[in-house]
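Open the model in your viewer and keep the sequence panel beside it. The tour below goes from one selection to the next.

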Amino acid sequence: MQTHSAEDQPTAVPQADMEPGGKLLIGVLVVAAFVMILNETIMSVALPRLMADLAITASTAQWLTTGFLLTMAVVIPVTGYLFQRFTLRQVFVAAMGVFSFGTLLAAIAPGFELLLIGRVTQAGGTAIMLPLLMTTVLRVVPAHKRGSMMGIISIVIAVAPAIGPTISGVVLNSLDWRWMFWIVLPIALISFGIGAMLVKNFTTPIEVPLDIFSVALSVFAFGGIVYGLSSIGHSADGSGVPVWVPLGVGVVALIVFVHRQLARQDDGRALLDMRPFATPTFSIGLGMLSISMMSLFGALILLPLYLQNVRGLDTLTTGLLLLPGGLIMGLLSPFAGRIFDRTGPRVLVIPGAVVVSAALWLMTLLDAESSLPMVVGIHSLMMAGLATVMTPLMTSSLGSLPSELYSHGSAIFSTVQQLAGAAGTALFITVMSYTAASRAADGATEIGANQDGIHTAFLYGGVVSLLAVVAAFFVRKPAAQLVDRS
């Protein structure tokens with residue numbers, strides 16, 4: 001076996017800890033990723049304000065969140081190529097630069113169109129940062145300590161979007177919605193400057209061709225499926241294209257995309273290597289995390305609408321009510337990582353999946369008379385359950401792969417994760433919009449129609465969450481960690 005220099009891609013050394021340079025590198029990436037992923041849900045509390053200011057419907061306004069997530073799902077498959085073709089520092093600088101430019105566009109947007117372009121541009125940079133962070137951890141962190149590090153990354157992936165509504169509510173209480181971006185911009189620029197100076201390369205660039213056809217297929221595949229889901233919401237208010245058109249295009253493109261990757265992966269020419277799916281631990285964990293992300297983002301967009309449109313609360317109160325859940329998840333995620341390092345995933349994942357499912361079913365009980373402590377308690381319960389699910393799922397799934405598939409596994413994981421978030425947002429809003437429109441047509445009041453729509457959406461979420469409970473019993477500790485600890 002050949003040895004590798006500091007500039008080569010290192011493999012985890014079981015008996016050694018991270019080098020100091022690795023800790024600094026991951027620290028910079030974590031801070032940058034937190035700022036970027038925070039923007040996934042920062043618009044959720046602002047949707048009612050934006051609907052009024054920009055004269056748009058709920059199903060249109062949701063594209064400010066769905067469009068962000070969808071763009072990430074489309075861009076992330078290309079990251080495997082980017083990590084091979086360019087240095088770590090070049091990729092970091094490009095990601096932060098694109099994100100900062102998108103934040104500026106959103107801040108100066110006079111209307112919905114430029115605001116959406118700014119959000120999509122932000123997502124382009126965020127899409128690169130997330131798999132970059134995961135791949136770096138897999139490369140430089142010993143297997144027996146990955147759970148603790150993934151616990152920190154869970155804060156980025158889940159807690160950052162979870163507290164987005166709170167930050168949004170605080171800002172909107174006294175400032176225009178554009179200030180949500182003016183406040184983020186200097187933080188992004190500072191992270192950009194610090195990272196440009198501190199981030200060093202841990203890989204050696206390789207001349208590899210970019211499969212443009214696969215990139216195009218991924219756009220139609222993921223874009224068509226999520227747009228099809230969102231089109232159901234448009235049809236609820238009498239607009240939008242026939243649902244079967246984008247869904248059909250998306251499914252066909254996805255089939256062709258997967259077939260093309262399978263045909264090209266043996267000689268290293270695939271845009272996204274499909275071999276990680278052959279590992280059961282990876283596939284089961286990916287499926288469970290997808291359901292968790294659907295629940296998280298669906299709840300994060302529905303709860304603010306419930307609190308404002310049904311309960312009549314302002315944006316500041318709404319944001320503050322959602323803060324305890326985000327803080328609880330942030331506090332529990334690192335502990336869940338440490339427990340995983342000692343015991344493995346099952347002791348965390350099984351009860352966590354049950355708790356998340358229970359919280360979603362409890363949300364179906366919310367109505368115009370529900371107490372605010374009840375809302376906070378149910379939301380906090382769901383976030384606590386997600387904290388014990390996401391960290392072990394990420395660690396066991398990605399840790400079960402051989403080192404040569406780390407970058408592709410991270411890309412697949414991040415792609416499906418973001419696609420699930422977009423699908424969850426679209427599904428919850430679609431069911432809510434369709435049910436509310438139907439009830440309004442039957443003569444229900446606006447509050448009554450919204451309440452029934454939200455109730456039905458949470459009911460769908462509760463049914464889906466039962467699949468995660470079943471899958472939790474099949475999650476296993478990765479063999480790599482067993483070997484590392486022996």
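Begin with the lining of the largest cavity, whose residues divide into six nonpolar, four polar and no charged. The model is a predicted one.

To see this lining, select Met288, Ile291, Ser292, Ser295, Ala353, Val356, Ser357, Val389, Ser465 and Ala468. The space they line has a volume of about 60 Å³.

The largest share, four residues, comes from α12.

Next, hide everything but α14 and α17. Their axes come within 8 Å and cross at roughly 170°. An angle over 145 degrees counts as roughly antiparallel, so α14 and α17 are roughly antiparallel to each other. On the α14 side, the contact is made by Val349, Ile350, Ala353, Val354, Ser357, Leu360, Trp361 and Met363. On the α17 side, select Phe458, Leu459, Gly461, Gly462, Val463, Ser465, Leu466, Ala468, Val469 and Ala472. The residues of this contact divide into 14 nonpolar, four polar and no charged. Ala353, Ser357, Ser465 and Ala468 take part in this contact and also line the largest cavity.

Now move to another pair: select helix α6 (residues 88-107) and helix α9 (residues 179-198). How do these two helices run relative to each other, roughly parallel or roughly antiparallel? Their axes cross at roughly 165° and come within 9 Å, and α6 and α9 are therefore roughly antiparallel. The crossing in which α6 passes α9 is left-handed.

Show the side chains of this contact last. From α6, pick Arg89, Phe92, Val93, Met96, Gly97, Phe99, Ser100, Thr103, Leu104, Ala106 and Ala107. Together the residues of the contact of α6 with α9 divide into 15 nonpolar, five polar and one charged.

Terms used
Residues numbered from 1 in each chain as written. Predicted model: local features only at pLDDT ≥ 70, side-chain atom pairs only at ≥ 80, totals over all residues. Heavy atoms only, no water. Axes fitted to C-alpha atoms, helices over the stretch in contact; angles between N-to-C directions. Parallel < 35°, antiparallel > 145°, perpendicular 65-115°, else oblique. Left-handed = near helix turned anticlockwise from the far one by under 90°. Contact = heavy atoms within 4.5 Å. Nonpolar A, V, L, I, M, F, W, Y, C, P; charged D, E, K, R; others polar. 1 Å grid on protein atoms, 1.4 Å probe; cavity = no way out; pocket = protein on both sides within 12 Å on 5 of 7 lines; lining within 4 Å. Points joined across faces, edges and corners; volume = space filled by probe spheres on them.
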